[in-house]
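Q: Please take a close look at one residue and the sheet beside it. What does it touch, and how is that part built?

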Amino acid sequence: MLASRRFLPSTSLLIAFEAVSRTGSVTAAARELDLTQSAVSRQIKALEEQLGVELFVRERQTVRLTLAGDGYAREIREALRRISSASLNLRANPHGGTLNLAILPTFGTRWLAPRLGRFLAANPGVTINLVTRLSPFDFRLDSIDAAIHFGHAHWPGAELTFLLSEKTIPACSPEFRSRHAINAAQDLLEAPLLHLTTRPDAWERWFADNGVSFQTVHGMLFDQFATAAQAAMAGLGVALLPTFLIQDELKRGDLVAAVDRETESSEHYYLAYPPERADYAPLDAFRDWIVREAAI
């Protein structure tokens, strides 16, 4: 059931309020909306009267949000963004079938993107929009239908479908391995190590799994596998990289295993989605397809 009309202001009032709250000026908002200053002022006054709440404090020729107005502005801005996004998606695919998918950057570019054409060819009515998300989020607060998740099988408020396991190797350039005379796992303690901010203890776990005692592990930090791989190829250090994401570099010899110690992660790749979207046709088709692709 829709809320009372009192709590559903017209879009024009909300757009005027958002513009004034963002610019901090009735004049600037009027210029942006191609309206007169008095028209915008009337819209703000009408919204305040409809809600029964003062949204701005007027001080001479300036306005500033009240505490209540500030919180309201944040929610209205997000609501307008979602309406705009929904309208854009509908225009891009007027027959429906849009899937908004959150991806991990390197997984998306290295593994998913080269395969995505096969899904689109088999499902011509579906449009996929890709956005980057590095960590779990609340599906209720975002216009995302599903997400690629790496970690343990846990995402509050979401269902998970297993996709892939992951094996990693300590990778570096051939010249780097020769220059640092790396022959055993212990030798890596003396080499520059490259770390991922999303996996801060990866090297500690790797050394522990390989029976190497250590005090502390330091090195450069990266927020994505792609940049860590580039740094390793440039001879800046050794990075723990998933083998399935660096197959081309290994085949070309741009990267080599610093030591022959491939380890399997205790975490895995999953497709995460809110339970209420589980039967959404584009998501259902994508879930079936990506599970088959991951099994190849």
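A: Start with the contacts, in what is a predicted model. Setting aside neighbours within four places in sequence, Ala 158 is in contact with Phe 139, Ala 272, Tyr 273, Pro 274 and Pro 275. Ala 158 sits in the loop between β5 (146-151) and β6 (159-164). Its relative accessible area is 18%. Buried means under 20%, so Ala 158 counts as buried. Asn 210 is 52 residues away along the chain, and its C-alpha atom is separated from that of Ala 158 by 35 Å.

Now the sheet. Five strands form an open sheet in the order β4-β3-β5-β13-β6. The pairing is mixed. The edges belong to β4 (127-132) and β6. Each has a single partner strand, so one side of each is left without a neighbour in the sheet. On average, neighbouring strands of this sheet are turned by 30 degrees against each other, direction ignored.

Take the β3 and β4 pair. Strand β3 (residues 98-103) runs parallel to β4, and six bridges join them. Leu 101 has Leu 130 in β4 as its bridge partner.

Helices come next. Helix α5 (residues 105-122) lies across β3, β4, β5, β6 and β13 (268-273). It runs at about 180 degrees to β4. Helix α10 (residues 281-295) also packs on the sheet. This helix touches β3, β4, β5, β6 and β13. The direction of α10 makes about 30 degrees with that of β6.

Key
Residues numbered from 1 in each chain as written. Predicted model: local features only at pLDDT ≥ 70, side-chain atom pairs only at ≥ 80, totals over all residues. Heavy atoms only, no water. Helix = DSSP H or I, 4+ residues; strand = E, 2+ residues; numbered from the N terminus. Buried < 20%, exposed > 50% of the residue type's maximum accessible area, 1.4 Å probe, protein only. Contact = heavy atoms within 4.5 Å. Pairing = 2+ DSSP bridges. Axes fitted to C-alpha atoms, helices over the stretch in contact; angles between N-to-C directions.
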